[in-house]
Amino acid sequence: MSNNNVIKVKDLTKMFGDFIAVNAINFEVKKGEIFGFLGANGAGKTTAIKMLIGISHPTSGNATIAGFDIYKNTEDIKKNIGYMSQKFALYDDLTVRENITFFGGIYGLSRKRIKEKSTTLIKELGLEDVSKNLVGSLPLGWKQKIAFSVALLHDPKIVFLDEPTGGVDPITRRQFWEMIYKAAHQGTTIFVTTHYMDEAEYCDRVSIMVNGKIEALNTPKKLKSQFNVESMNDVFLNLARG
Ligand SMILES: Nc1ncnc2c1ncn2[C@@H]1O[C@H](COP(=O)(O)OP(=O)(O)OP(=O)(O)O)[C@@H](O)[C@H]1O
């Protein structure tokens, strides 16, 4: 195993009673890689992510995140990762700047650093005119772009994105992915779930989970050639149909 692998997962399993939600999954993710974690609804993606970020205890198996053990080093994991999802991102009743300040505080950044980061971030996102507006008043796509930047505030080694672009229009999704590429280019590892197959094409490698198991894992190009199809959508349909 190379030291370049910032996520290492070995036989990771989660059971709820007799039901196996995540069934002995294995994979590794490299520094700066964009890793797509795909699967139909209920395949086990969120359950797996919860174990990887140290908020759910596995039934069995192992994993390390940025070198930290998911059983023993959950606090270190939290300091070294960012997280955002479609369901939880920012506080609607705080302004853009207040959200940045709030999350910066949670991540342990100094007041000075928070101020610097807010100014740069608001400028980079072109949000100068709305920085004092409540986040709840902004379009969903803007919120998700701000939420992604906020998830990167503390310069995490890995960022976990659970359906970050759900419900966002195609143009804004494309802009969101430009932000993902930029972060990955700067060395941040991106672990992303999505139901949009065009987004699967943007990933360096993609795993596809079916009923708790990883049934395929490779680059989009190799997956398409393996299944002898033209698109990731067809790869996905082949696997989901079983
Ligand atoms: N706390 C729980 N107790 C019992 N079953 C659970 C629990 N959490 C998840 N499950 C079940 O585990 C399976 C996997 O759920 P999970 O949320 O991980 O899927 P998912 O791939 O993230 O789906 P989606 O794309 O809909 O978010 C589902 O059948 C779900 O009902």
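Two strands pair if DSSP finds at least two bridges between them. Strands (E, at least two residues) and helices (H or I, at least four) are DSSP runs, numbered from the N terminus. The model is predicted: local features need pLDDT of at least 70, side-chain atom pairs count only at pLDDT 80 or more, and totals for chains, interfaces and linings use all residues. Residues are numbered from 1 along each chain as its sequence is written.

**View 1. Strands E3 and E8 run parallel.** Here 3 bridges join E3 (residues 34–39) to E8 (residues 189–193). Phe 35 stands opposite Phe 191 in E8. Both strands belong to an open sheet of 6 strands, ordered E6-E7-E8-E3-E9-E10, with mixed pairing. E6 (81–85) and E10 (213–218) stand at the edges with a single partner strand each, so one side of each has no neighbour in the sheet. On average, neighbouring strands of this sheet are turned by 15 degrees against each other, direction ignored.

**View 2. An open sheet of 4 strands has antiparallel pairing.** The order is E2-E1-E4-E5. Strand E2 (19–30) and strand E5 (68–69) are the edges, each with a single partner strand, so one side of each is left without a neighbour. E1 (residues 5–16) pairs with E4 (residues 60–65) over 5 bridges. Lys 8 stands opposite Thr 64 in E4. Helix H1 (residues 45–52) packs on this sheet and touches E1, E2 and E4. Touching means contact: C-beta atoms, placed from the backbone, lie within 7 Å.

**View 3. Ten residues surround the ligand: Phe 16, Ala 21, Gly 39, Asn 41, Gly 42, Ala 43, Gly 44, Lys 45, Thr 46 and Thr 47.**

**View 4. Helix H3 (residues 96–106) has a buried side.** Which residues of H3 are buried? They are Val 96, Arg 97, Asn 99, Ile 100, Phe 103 and Gly 104. They cover an arc of only 160 degrees around the axis, which puts them on the same side of H3. That arc is taken from the directions from the helix axis to the C-beta atoms. The face turned away carries the exposed residues Gly 105 and Ile 106. A residue is buried if 20 or more other C-beta atoms lie within 10 Å of its own, exposed if 12 or fewer, and partly exposed in between; C-beta atoms are placed from the backbone. The buried residues of H3 pack against helix H4 (111–124) and helix H5 (140–151). Just after H3, Gly 108 takes a positive phi of about 80 degrees.

Notes: Contact = placed C-beta atoms within 7 Å. Axes fitted to C-alpha atoms, helices over the stretch in contact; angles between N-to-C directions. Near = placed C-beta within 6 Å.
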